[in-house]
Amino acid sequence: MEDTFGDDDFFSDGDGEPITAQKVLQTLEEAWLNEKFCPDLLPSQADYVECMMEQIQQMEENVNKLKKNDFRVEVHHMELARIRYTITSYLRSRLEKIEKNTAYILEQEALRGPENSYLSEGELIFARDFLALQENHCKQLVLQHVPPPFQDFMPTQQSLVPNLRSHVFLRAKKDVDGVVIEGDRDSRDEEVDLEENSQHIMQYKPIANFVKDGTIQLI
Amino acid sequence: MFCHGLISLDGGCQQLCHHRKIMSLCHSYVPNYFSIPDILATQEKVPCTFEVQVKHLGFLDPGSDKRDIEVGTNIELPFWMASVLKTQRPAIADVGLPKIFKESYRDILKADPVVVDLHKLAPYFYEFGMSLCMLNHRESPEIVNVLVESFKQRFRKILDWAQHSNIEVPESKKLDNAEKIIYQAGREVGSSLHLWLTEGGSLIMAAGMVMQHKKMKLTQRDLLQ
Amino acid sequence: MDPSEVEFIAEKERVSIVPNFNNATVHLISGDVGPFRAGLPVNVPVWMALNLRQRQKCRILAPDWLDVDKLEALKEEEKASKYFTKMPSEHYMVVAQLILSAVEDDIPRIEEIRMAVKNLWDVRISKLRSSVDTFIKSGGSHARLDYLTTMEINSVRPLLPHALDFIDRLNKASEGAPRRDLSQD
C-alpha cells in the first residue's frame, strides 16, 4: 500500500521559494541547538514553528485515518513526538532567556525597530508582561517601604545582560575568513580563518553575525 | 529511547525512566544585582586611610570614641563602602591591599597555587581580587597576574574532580567560591555522563511544570499564541 | 546538555536493518524511509530501528565498525596521533550504546565489543582532558576541535567554556573598567 501523505507538501519561505517540510524541520533543529548554546537571544523562527505545527496537525489527521494495526501509526507518532520535543525545547530556551534578560532584550528589541524584530508577537507580549510583573512585585515587596529617593524601579540595572564574550562550541558550515579574536592584556588581536566543516571553541561575539546568517552552527 | 512530556507513547514508560531534570541554559557566572555571592564578595574588608576629616562618623572606628574621623585614621571597611570613598573627587579615603593580595601572599600563590586553601584564606578570592583591581591600584596588574595564574594551575584539579568521581571530593572544600561554582557545574555533567555510560540511555523527562500543564490539556498551539 | 539529549540527536543517524515484512516507502516529515522488503537490508534512523526491533519486526545489522578488531585499530591510531582522529560515526559512542543494548542476542562477542568501544572512548576522553588542561594553561581563547563528537564535546561543557569565560573576566579586571561594565560588554 502506498503511503500517500508527507513530503509532497510545500511551503513558501516568504520570497515565493517553495521549501519542503524536511527543510523546515532541519532549519528548526539547527535553530534549536543555536538557541540552546547562544548566550544572546537569536532572531525568532516563529514562521517555521507555525509551519511545522500545521504540518504536524495535518500528519496527525492522516495518521488517524490509518488502521490501528498499521505499522506506520507508531512510527509516525514517534516522529511527531520527536519534532514536538525539538520545538518545545526551542521555545523554552527562548523563554528562559527572556525571563533572565528581560530588560536588556526589550531594550535591544526597541533599538532594532519592528522591521528587524527578534521576538515573535507572543514573546514580545510575554516579555512586557513579565517586566510589568517584576516591577509590581518589587514595588509591593520592597520599594514602597523604603525612603522615596530609593523607590525607583531600575530594570536595566537589575536585569542580567548576556555575556557576549562567552565561549561557545561551533562548526563552520562554509569557509569563514578573517574572524578577529580580541586579544587580552598579554596577547594581540588574532585573525583566524574557519574552514568549512571545522570545529572550534571561541568567544561568541566575533561570530555572532555568522550564527545569525546560518554560516556557523553552534554545537 | 526518548519520551516526550506532552505525548507519551507508552503509559508505563515514565516509571522506568530516571527522574533526571533536563539541564536548562547554562551560562557562566557574572556578578549581578541580585547575586548573593556578589553581595558577599563586595562585603570583604579592606584597609582604608582617611584623607579628609569626616564629621560625625567617628563611630565607624571601633578603636576610638571620637565624634569625627580625623585625617590619617586607618579603618577596615567593607569593599563596597571603601570603593565609594576612594572614587569621590577628591578621594575621601585611600584603599590599601588586604594581606591576601600583598606581595608576601602573592609569592606563596606563585610558588604553588594548587595546595593553597583559598576557601580559608579568602572565600571570594577571585571576585574580591577583581573588584580591588577596578580601583586602579598600582599593583593591579600584579594582582590580576596572580589571579589568572592561580586559576590556570588549579583548574586541572577541578577538571579531574568534576569528571572522575560521582561524589563530592573532600578536597574541593579548599576551592574559592568562583572555583566552586565552576566545579559544581562540571560535577553535574560528570555524574550524568557517568550514569549514562553505566546505565545506558534513559528517557528524556519533561520538567515538573510541564507535566502539570499536560494535565490541563494545554496544546502546543496555545503555547505559541 | 544532558546526555539523553545528545542521544536524542544521535538517534537521527541511520543504520541498516533487515525487516521481516513488506511495506512501501514511508514518508516521514524528516524524509523518506523504505521501501521495506522482507529479508532485504534497508537504512532507517536509529530511533526507528530500535522501535521496529522492539516490536520484533526486524533484525538490526550492526555497523561494520562495531567490530573488535576495527575498534582496536581505531584505538591504536588514536593513541599514536597527536590530534583527534576521525571516528566512523559522528555519534559512535551513542550509536554503539543503543545498538549493542538492542541486539544482545544477535551478535557474538558482544561483551568484547562493548569493552573495545569503552576503551576507545577512554583513550579519547583522557586525551581531551589533557588537551583542555594544556589549552587553559596556554592562555589561549580559541582552539580547533576537529573530529570531536557531540558526546565528547558535551563532556567538557560547561567546564571548559566557563573556565575560559572566567579567565577572560579576570584578564579584563586590570583594565580598570567600572564594575558594572564587566557584564555589559
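UniProt, in an unreviewed entry, places the feature "domain: GINS subunit" at residues 65–166 of chain C. In this predicted model, that span is 66% helix and 2% strand, with its end C-alpha atoms 40 Å apart. Chain A carries the annotation "domain: GINS subunit" too, again from an unreviewed UniProt entry, over residues 54–138. There the chain is 84% helix and 0% strand, and the end C-alpha atoms are 40 Å apart. Here are the two spans side by side.

Now for how chain C meets chain B. On the chain C side, 38 residues are in contact with 40 residues of chain B. Which helices of chain C each supply at least two residues of that side? They are helix 1 (3–10), helix 4 (92–102), helix 5 (110–138) and helix 7. Helix 7 gives the largest share, eleven residues. Sort the residues of the chain C side by type and you get 18 nonpolar, nine polar and eleven charged.

Chain A has a contrasting element to look at. Strand 4 of chain A, residues 176–181, is hardly covered, and the count of buried residues among its six is zero. Four bridges join strand 4 to strand 5 (residues 190–194) of chain A, and the two run antiparallel. Take A:V176, for instance: its bridge partner in strand 5 is A:L194.

How far does the predictor trust all this? For the complex, it gives an ipTM of 0.88 and a pTM of 0.86. Chain C has a mean pLDDT of 89, and 95% of its residues reach 70 or more. One stretch of chain C, residues 177–185, has pLDDT below 50, although it has 18 contacts in the model beyond near neighbours in sequence.

Technical notes. Residues are numbered from 1 along each chain as its sequence is written. Chains are lettered from A and ligands numbered from 1 in the order in which they are written. This is a predicted model: local features need pLDDT of at least 70, side-chain atom pairs count only at pLDDT 80 or more; totals for chains, interfaces and linings use all residues. A residue is buried if 20 or more other C-beta atoms lie within 10 Å of its own, exposed if 12 or fewer, and partly exposed in between; C-beta atoms are placed from the backbone. Two strands pair if DSSP finds at least two bridges between them. pLDDT is the predictor's confidence in each residue, from 0 to 100. Two residues are in contact if their C-beta atoms, placed from the backbone, lie within 7 Å. UniProt positions are given in the numbering used here, feature names are shortened, and annotations may be inferred rather than shown by experiment. Ala, Val, Leu, Ile, Met, Phe, Trp, Tyr, Cys and Pro count as nonpolar, Asp, Glu, Lys and Arg as charged, and the others, Gly among them, as polar.
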